[in-house]
Amino acid sequence: MNHGKINCFQCKFFYVTWDKNHPRGCKSFGFKTKKLPSIEVMAASGQPCLRFEKKN
């Protein structure tokens, strides 16, 4: 599946949660999800995530 080729694991806004139903989150957009946040952003907007910032 093409999700804009954004790797959330390399983004400074990505985090892992303790919520077993929503184990991944995005601090920039402020949501938690089962899938990678970049997949949810692509599904909702039709565009790759525009808030991606590579971790240092």
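Q: What is the relative accessible area of D19?
A: This is a predicted model, in which local features need pLDDT of at least 70 and side-chain atom pairs count only at pLDDT 80 or more, while totals for chains, interfaces and linings use all residues. Residues are numbered from 1 along each chain as its sequence is written, and side-chain values use heavy atoms, with hydrogens and water left out. Buried means under 20% relative accessible area, exposed over 50%, and partly exposed in between (1.4 Å probe, protein chains only). D19 is partly exposed, and its relative accessible area is 24%.

Q: Which residue forms a salt bridge with D19?
A: A salt bridge needs a side-chain nitrogen of Lys or Arg within 4 Å of a carboxyl oxygen of Asp or Glu. For D19, the closest N and O atoms are 3.5 Å apart, and the partner is K32.

Q: How many residues apart in sequence are K12 and E53?
A: The side chains of K12 and E53 meet in a salt bridge, with N to O at 3.0 Å. K12 lies in the segment before β1 (14–16) and E53 in the segment after α1 (37–45), so the pair ties together parts separated in sequence by 41 residues. Helices (H or I, at least four residues) and strands (E, at least two) are DSSP runs, numbered from the N terminus.

Q: What is the volume of the largest cavity?
A: Rolling a probe the size of a water molecule over the atoms shows where empty space is left. A cavity is a set of points, on a 1 Å grid over the protein atoms alone, where a 1.4 Å probe fits but cannot get out; lining residues have an atom within 4 Å of a point. Points are joined across faces, edges and corners, and a volume is the space filled by probe spheres set on them. The structure holds one cavity of 30 Å³ or more, and the volume of the largest is about 80 Å³.

Q: Which cysteine has the sulfur closest to that of C26?
A: C26 is among the residues lining the largest cavity, and C26 is buried at 8%. A disulfide is a pair of cysteine sulfur atoms within 2.5 Å, and the whole structure has zero. For C26, the closest cysteine sulfur is 5.9 Å away, too far for a bond, and belongs to C49.

Methods:
1 Å grid on protein atoms, 1.4 Å probe; cavity = no way out; pocket = protein on both sides within 12 Å on 5 of 7 lines; lining within 4 Å.
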